[in-house]
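Me: I have a new model to read. Can we go through it feature by feature?

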Amino acid sequence: MASVKATFITILLAVATIGVVAARDIPEFLHICQTNDPHYEVCITESIEHLKPYLKTGVPEYNIPSLEPLKLKKLTFTPTSSIKVDATDIDVFGASNFQIKKVKLDFNTLLFLVDVALPNIRVEGKYLLDGRLLLLPIRGSGPMHGNFSNCLGACKIQVAKFIDQDGEEKMRITDFKLKVSVGKGTLKLDNLFGGEQALGDVINSAINNNFSLFLRELLPLVEKALSDAFQNIAGNIVEQFAFAQLFPGA
């Protein structure tokens, strides 16, 4: 009996990890709204709010990774013509604390628009910097710390229906674009000039006094990285269920 149980669990795990699977039952953490509900978009907003704790911790059995922290790959940016920064091993904290501000779903075009507020985003990573600032040649590598507040994000999500190998109508996300604006932000680079505190403080002060220059170059890279990450997470969720399960009546 134990071996039968073990075999059944193994089969379930295998099904949960393949790319295209038969539609599963809707889990408790997904609240489904009837599309003919006159307050449908309010219902969707509440459903996403209910999902947030599960996004924070992740749901491995549904192939949903944790948003805390959200891990990003290498980012390379040039805030000025004389400075190049490589950022690696980036962990983003606070993405799961988003607040839904607006939701609009168009089932004719399958275009979904979602506006969110991000009260605070904290970034930890490693940097490698080479260039000149304040007429000083600067080189350094070490820990990088970023703090961004009053952020707004506008998500534009294009989906498409498809028929899977079992003949079920499902949906996949074909495009996910996120535009971010930042209210305030600070950036701190440790170990500049080999750890020389006084010079490091001068450069960090100059960076933050000219923060908009860094942000202008960095934001498009962050937007692309976040878009890819969120598309992957959302895609993992929706492709496990039939379209009619997720949007009954559409």
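Me: Let us begin with the pockets. Which element gives the most to the lining of the largest pocket?
Reply: α4 gives the most, with 5 residues. Some terms come with that. On a 1 Å grid over the protein atoms alone, a cavity is a set of points where a 1.4 Å probe fits but cannot get out. A pocket is an open set with protein on both sides within 12 Å along at least five of seven lines. Lining residues have an atom within 4 Å of a point. Helices (H or I, at least four residues) and strands (E, at least two) are DSSP runs, numbered from the N terminus.

Me: Before we go on, what kind of model is this, and how are residues numbered?
Reply: It is a predicted model, where local features need pLDDT of at least 70 and side-chain atom pairs count only at pLDDT 80 or more, while totals for chains, interfaces and linings use all residues. Residues are numbered from 1 along each chain as its sequence is written, and side-chain values use heavy atoms, with hydrogens and water left out.

Me: Which residues line the largest pocket?
Reply: The lining is made of Lys71, Leu72, Lys73, Lys74, Leu75, Thr76, Leu221, Lys224, Ala225, Asp228 and Ala229. Two or more of the lining residues come from each of β1 (70–72), β2 (75–80) and α4 (211–238).

Me: How do the lining residues divide by class?
Reply: Ala, Val, Leu, Ile, Met, Phe, Trp, Tyr, Cys and Pro count as nonpolar, Asp, Glu, Lys and Arg as charged, and the others, Gly among them, as polar. In the largest pocket the lining has 5 nonpolar, 1 polar and 5 charged residues.

Me: What is the volume of the second largest pocket?
Reply: About 160 Å³. Of its 13 lining residues, Lys188, Leu189, Gln197, Asp201 and Asn204 are the closest to its centre. At least two lining residues come from each of β8 (184–189) and α3 (197–209). α3 gives the most, with 5 residues. By class, this lining has 3 nonpolar, 6 polar and 4 charged residues.

Me: How do I check the span of α3?
Reply: The expected span of a helix is 1.5 Å times one less than its number of residues. α3 has 13 residues, so it should span 18 Å. Its end C-alpha atoms are 18 Å apart, which agrees.

Me: Which residues of α3 are buried?
Reply: Buried means under 20% relative accessible area, exposed over 50%, partly exposed in between (1.4 Å probe, protein chains only). In α3, the buried residues are Gly200, Ile203, Asn204, Ala206 and Ile207. They sit on the same side of α3, because they cover an arc of only 160 degrees around the axis. The arc is that of the directions from the helix axis to the C-beta atoms. Gln197 and Asn209 are exposed on the other side of α3.

Me: What covers the buried residues of α3?
Reply: The cover includes β5 (111–133), β6 (136–163), β8 and α4. Take Asn204 as a case. It counts as buried because its relative accessibility is 9%. Leaving aside neighbours within four places in sequence, Asn204 is in contact (heavy atoms within 4.5 Å) with Leu187, Lys188, Leu189 and Leu192.

Me: Where do the backbone angles deserve a look?
Reply: The peptide bond from Glu68 to Pro69 is cis, with omega near -5 degrees. Pro69 lies in the loop between α2 (40–57) and β1. Phi of Leu110 is near 55 degrees, a positive value in a residue other than glycine. Leu110 is in the loop between β4 (99–106) and β5.

Me: Is Asn150 buried or exposed?
Reply: Asn150 is exposed, with a relative accessible area of 52%. Its place is in strand β6, and its phi is also positive, near 55 degrees.

Me: How many helices and strands does the whole chain have?
Reply: The protein chain has 5 helices and 8 strands. Of its 250 residues, 41% count as buried.

Key: Points joined across faces, edges and corners; volume = space filled by probe spheres on them.
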